[in-house]
Amino acid sequence: MGRFLKRLGLRASISMRLYAHDHALGILFVNQETPCLWHPEQVEFVQRTAQLIAYALENKRLLDESAKQVRIRRALENAARLITSAIEPAGALNAIADEL
């Protein structure tokens, strides 16, 4: 990794794993072009930032999953409504296919 960073002109790097509820989500890299030793406050800031990013990513995943479940539930409710309101079964099946 060191040679790769040098080729990019980076002389200092710190990385933090992104975890939310024991799920690995990725890695946050912070780099700079001048050499430095990271101060404890800087490391703590990167750690906290990584944690916030991880929770934001996990919340986005959960919101997407929730929205998907709502879409499925609505489609099923519409299908049930069409089935119970249809006089002709073939018409109900066509209407359900159109909904999905």
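## Stop one: around E58

Select E58 and show its neighbours: leaving out residues up to four places away in sequence, E58 touches A20, H21, H23 and L25 (contact means heavy atoms within 4.5 Å). This is a predicted model, where local features need pLDDT of at least 70, side-chain atom pairs count only at pLDDT 80 or more, and totals for chains, interfaces and linings use all residues. Residues are numbered from 1 along each chain as its sequence is written, and side-chain values use heavy atoms, with hydrogens and water left out.

Is E58 buried or exposed? E58 counts as buried because its relative accessibility is 5%; buried means under 20% relative accessible area, exposed over 50%, and partly exposed in between (1.4 Å probe, protein chains only).

Colour the buried residues of α2: V46, A50, A54, E58, A75, A79 and L82.

Now hop over to the strands. Select β1 (residues 12-20) and β2 (residues 23-32), which run antiparallel and are joined by nine bridges (two strands pair if DSSP finds at least two bridges between them). Zoom in on A20, whose bridge partner in β2 is H23. The hairpin of β1 and β2 has two residues between the strands, and H21 takes a positive phi near 55° there.

Key: Helix = DSSP H or I, 4+ residues; strand = E, 2+ residues; numbered from the N terminus.
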